[in-house]
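Trainee: Could we go through this chain together, with each label set against the rule behind it?

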Amino acid sequence: MAAMAALQSSMTALSLSSNSFLGQRLPPPIIYAAPITSKEKPCLIVMKLKRWERKECKPNSLPVLHKMHVKVGDTVKVIAGRDKGKIGEITKIFKHNSKVVVNEINLKTKHVKSREEEEQGQIIKIEAPIHSSNVMLYSKEQNVTSRVGHKILEDGKRVRYLIKTGEIIDSTENWKKLKEAKSKTEVATTA
């Protein structure tokens with residue numbers, strides 16, 4: 001009761017003049033919209049590839065492609081793993097998981113069933129992919145492994161070169177050899 005009496009006395013003490021704001025419209029409050037910038041990257045969606053393997057995807061569901069220091073046709077030396085020290089040529093690249101297939105390296109046995117009654121099943125050797133960090137570019141001329149560097153030539157072309165030896169990897173002759181070899185294999189498979 002004492003609290004009620006105190007409240008009533010404070011209300012009577014508060015006298016409102018005739019030009020008070022009661023009953024009048026107030027101007028709408030001015031709110032300045034500050035641009036919202038999030039410093040976090042958007043969450044990457046993970047696409048289902050297999051039960052035991054996941055492939056990172058961008059928000060538009062395309063796979064994230066990693067930059068690689070090697071290309072198809074490069075001669076590389078394996079620097080880690082079971083086949084450490086072996087030298088081979090890259091035949092295939094998988095950019096979504098940074099793996100490469102090297103000719104005659106990391107061979108796995110595959111048991112193939114017969115498709116027809118007369119045909120027999122067989123055991124074949126296939127080249128399994130290895131991670132690109134386990135291979136290093138190799139110079140056949142000087143028999144040395146090296147990291148890769150990039151430089152721009154006088155004619156404006158950007159090429160890769162071996163840092164230890166200075167040998168240019170991306171020359172037009174190398175690409176011509178690659179294209180000829182690829183066309184020969186295509187002709188052989190079609191014939």
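Mentor: Let us begin with a rule: a salt bridge is a side-chain nitrogen of Lys or Arg within 4 Å of a carboxyl oxygen of Asp or Glu. Bear in mind that this is a predicted model, in which local features need pLDDT of at least 70 and side-chain atom pairs count only at pLDDT 80 or more, while totals for chains, interfaces and linings use all residues. Residues are numbered from 1 along each chain as its sequence is written, and side-chain values use heavy atoms, with hydrogens and water left out.

Trainee: What makes the contact between Lys 71 and Asp 170 a salt bridge?

Mentor: The N to O distance between these side chains is 3.9 Å, and the limit is 4 Å, so the pair qualifies. The partners lie 99 residues apart, with Lys 71 in the loop between strand 2 (54-57) and strand 3 (75-78) and Asp 170 in the loop between strand 12 (158-162) and helix 2 (172-190); helices (H or I, at least four residues) and strands (E, at least two) are DSSP runs, numbered from the N terminus. Both residues also belong to a salt-bridge network that includes Asp 74 and Arg 160.

Trainee: Why is Asp 170 called buried?

Mentor: Buried means under 20% relative accessible area, exposed over 50%, and partly exposed in between, with a 1.4 Å probe and protein chains only. Asp 170 has 16%, and therefore counts as buried, whereas Lys 71, at 35%, is partly exposed.

Trainee: How do you know which class each partner of Asp 83 falls into, given its salt bridges with Arg 82 and Lys 86?

Mentor: Arg 82 has a relative accessible area of 60% and is therefore exposed, while Lys 86, at 42%, is partly exposed. Asp 83 itself is buried at 10%, and its N to O distances are 4.0 Å to Arg 82 and 3.3 Å to Lys 86.

Trainee: What makes Glu 116, Glu 117, Glu 118 and Glu 119 a negative surface patch?

Mentor: Asp and Glu count as negative, and a patch takes residues with over 30% relative accessible area and no salt bridge, like charges being joined within 9 Å. Glu 118, one of the four, has 76% and so is exposed; Glu 118 lies in the loop between strand 6 (107-112) and strand 7 (122-127).

Trainee: How many helices and strands does the chain have, and what share of its residues is buried?

Mentor: The chain has two helices and 12 strands, and buried residues make up 18% of its 191 residues.

Technical notes
Patch = residues over 30% accessible without salt bridge, like charges linked within 9 Å, V, L, I, M, F, W, Y side chains within 5 Å. Areas by Shrake-Rupley, 256 points an atom, 1.4 Å probe, with all protein chains shown as cover. Charge placed at Lys NZ, Arg CZ, Asp CG, Glu CD.
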